[in-house]
Amino acid sequence: MKPVLVLKFGGSVLRGPDDYPRAVHEIYRHFRRGRGVVAVVSASCGTTDRLVSEAGEAGADSPAAASLLATGERASAARLALALERSGIPNVVLDPQAIGFVVRGPAHRAVPEGITISRLAAALEAGFVVVLPGFFGERPDGTIGLLGR
């Protein structure tokens, strides 16, 4: 298996639409050298705060609010995947649940427990850049658990 590099793009890097091409450039720099690349993305700057406000009193304590907050990362992952496509870089967005990223604990303060690597490894072996939303995983009951900010 080729070497794999995990790149993390936080909200301070992905502030808006004009920032995605810079992330693509960084990813391509490693991809063209034959490395497998996993790009973990956060929500764009200010998105999580806006979603917390939208969740209101429930905050991130409820499974429904955790699900809402995870949409910020999912949107960033889709935006990065589109930017990669426009640049001709093969990619796939895999949700944490799709790769078996299991977390335990409360919806708003979960801790990582494990990951099933096979789907992630298969995508990398097939030559895809894997775009992975950060910030959340799947709790044993199937709901989303947030890892904290």
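A polar contact is taken here as a pair of N or O atoms within 3.5 Å, where, within protein, one atom must be able to donate a hydrogen and the other to accept it, and where residues adjacent in sequence count only if both atoms are side-chain atoms. The structure is a predicted model, in which local features need pLDDT of at least 70 and side-chain atom pairs count only at pLDDT 80 or more, while totals for chains, interfaces and linings use all residues. Residues are numbered from 1 along each chain as its sequence is written, and side-chain values use heavy atoms, with hydrogens and water left out.

Under this criterion, the side chains of Asp95 and Arg74 are joined by a polar contact of 2.6 Å. Asp95 is placed in the loop between strand 3 (91–93) and strand 4 (102–104), helices (H or I, at least four residues) and strands (E, at least two) being DSSP runs numbered from the N terminus. When residues up to four places away in sequence are not counted, Asp95 touches Arg74, Leu132, Pro133 and Phe136, contact meaning heavy atoms within 4.5 Å.

Side chains of opposite charge can pair when their charged atoms come close. Five salt bridges are present in the structure, each defined by a side-chain nitrogen of Lys or Arg within 4 Å of a carboxyl oxygen of Asp or Glu. One of them links the side chains of Arg22 and Asp19, with an N to O distance of 3.1 Å. Accessibility is classed as buried under 20% relative accessible area, exposed over 50%, and partly exposed in between (1.4 Å probe, protein chains only). On this scale Arg22 is exposed, at 54%, whereas Asp19 counts as buried, at 12%.

A salt bridge is also formed between Arg29 and Glu26, whose closest N and O atoms are 2.7 Å apart. Both residues belong to helix 1 (residues 20–31), where a spacing of three residues corresponds to about one turn of the helix. Arg29 is partly exposed, with a relative accessible area of 28%, and Glu26 likewise counts as partly exposed, at 25%. In the salt bridge between Glu54 and Arg50, the closest N and O atoms are 3.9 Å apart; these residues are four residues apart in helix 2 (residues 47–55) and therefore separated by about one helical turn. Glu54 is exposed at 51% relative accessibility, while Arg50 is partly exposed at 49%. The C-alpha atoms of Arg50 and Phe9, 41 residues apart along the chain, are separated by 19 Å.

Helix packing was described with axes that are lines fitted to C-alpha atoms, for helices over the stretch in contact, and with angles running from 0 to 180 degrees between N-to-C directions. Angles under 35 degrees count as roughly parallel, over 145 as roughly antiparallel, 65 to 115 as roughly perpendicular and the rest as oblique. A crossing is left-handed if the near helix is turned anticlockwise from the far one by less than a right angle, and right-handed if clockwise.

The axes of helix 1 and helix 3 (residues 63–86) come within 9 Å and cross at roughly 65 degrees, so that the two helices are roughly perpendicular to each other, and their crossing is right-handed. In this pair, Tyr20, Ala23, Val24 and Ile27 of helix 1 meet Ser76, Arg79, Leu80, Ala83 and Leu84 of helix 3.

Helix 2 and helix 3 pack at an angle of about 155 degrees, with their axes 9 Å apart, which makes helix 2 roughly antiparallel to helix 3.
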